[in-house]
Amino acid sequence: MLLSTPARAIDLRVAVEEEVSAITVGSSVEARLVDERGQTLGTLPAMQPLTMAAAGSQVQALNVRVGRIRVVPSRPEGLVFVGDRWFRGAAEAFASGGRLTAINLVDLEAYLYGVVGAEMVASWPEEALKAQAIAARTYALFHWGRRQNQTHDIGDTVQWQVYRGAQYETESVRRAVEATAGQVITFQGNLINAMYHSHSGGRTEDIKVYGEEDKPYLRTVEDFDQAAPYWKWQQVIPAVNLRKTFGLEAVGELLDVKVLERSTSGRILALQFVGSKGSQLLKGTDVRLKLGLRSNFFEITPVGGAGNGPVTALTFDGRGFGHGLGMSQWGARALATLGWNCSRILKHYYQGVTLQKQIF
């Protein structure tokens, strides 16, 4: 794999393994092993795996126990591996409560190579990839600036933004990151929380419906994601699964489900499960997450009920995939295909923002 090296800017601490009993690390080139005081513990030959284990609050490897062990490649082009994944930068492990966490210490711009390639299809239009790069950079810096006293700045899963390291790099992804180097999104001079999602089903969501602090740049806008794979979807959930998932035993036999509140975009905010012995209120977001639905932008049709005996199942006819906040990735793809540049795309999904070079 031929990898270019970006200019160094800000190092991120990305958690790539959390709460494990042991990990295997190594490097594509000879690497130094360093403890938390900066003392060299030894060298690790190229491609030789090193197993680290947790011993209480210490890391055990090479017959020593220390607070942290860092693997630092001897050459700039060197990569590190954690398990079966390859990363730029260095790798570090620390322990807490008998469990290990592995961190990739990586330059921000190099980190973005592994995010854009994991979050968006590398063959999509260049302006969509550039929009993704700017949004991902802004999102990472937003959290970096707020987690200086934490063990890591950001994770690598969909709970943050997906990061898969060097394997997901492509030439198109590197071009998009490098073409937008240092560019971020701000609102009234401050970095925004540049949230994004797969696609919204025709309209993005307003942050206020999640009970979060109002962010004027995260307001509902029209989406252009009709070509997305889950523009429309259907899922049928048996009533017995609902009872187990939500603990509906106290309401008796399920007789009906009522939608009590929707957001301005049309997403369900509150539901009422009506039973023979009572009822139970649930948030639309909880229903989505606990049932594994693609979004909370749905209609519900009971199977049974309404004089035909208890409800035996619920049919969910929905739209979109994700929380619906901020940029729609499939929408960005569609707009880029229509000739919109990355700035115009981002200013559509994040209202009232400015694009500028990194502000610190």
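The predicted model has an average pLDDT of 91 across the protein, and 96% of the residues score at least 70.

Helix packing was examined for H1, formed by residues 108-119, and H2, formed by residues 126-144. The axes of the two helices come within 9 Å and cross at roughly 125°. The crossing of H1 past H2 is right-handed. On the H1 side, the contact is made by Leu108, Glu109, Tyr111, Leu112, Val115, Val116 and Glu119. H2 contributes Leu129, Gln132, Ala133, Ala136, Arg137, Ala140 and Leu141. By residue class, the contact of H1 with H2 comprises 10 nonpolar, 1 polar and 3 charged residues.

Aromatic side chains were also considered, and the count comes to 9 aromatic pairs. One of these is formed by Phe187 and Tyr217, whose ring centres are 5.7 Å apart, with 55° between the planes. The arrangement of this pair is classed as tilted. Phe187 belongs to strand E13 (residues 183-187), whereas Tyr217 lies in the loop between strand E15 (196-197) and strand E16 (233-238). With 30 residues separating Phe187 from Tyr217, the pair links distant parts of the chain.

Note on methods. Residues are numbered from 1 along each chain as its sequence is written. This is a predicted model: local features need pLDDT of at least 70, side-chain atom pairs count only at pLDDT 80 or more; totals for chains, interfaces and linings use all residues. Side-chain values use heavy atoms; hydrogens and water are left out. Axes are lines fitted to C-alpha atoms, for helices over the stretch in contact, and angles run from 0 to 180 degrees between N-to-C directions. Helices (H or I, at least four residues) and strands (E, at least two) are DSSP runs, numbered from the N terminus. A crossing is left-handed if the near helix is turned anticlockwise from the far one by less than a right angle, and right-handed if clockwise. Contact means heavy atoms within 4.5 Å. Ala, Val, Leu, Ile, Met, Phe, Trp, Tyr, Cys and Pro count as nonpolar, Asp, Glu, Lys and Arg as charged, and the others, Gly among them, as polar. pLDDT is the predictor's confidence in each residue, from 0 to 100. Rings of Phe, Tyr and Trp (its six-membered ring) pair if their centres lie within 6.5 Å; planes under 30 degrees apart count as stacked, over 60 as edge-to-face and the rest as tilted.
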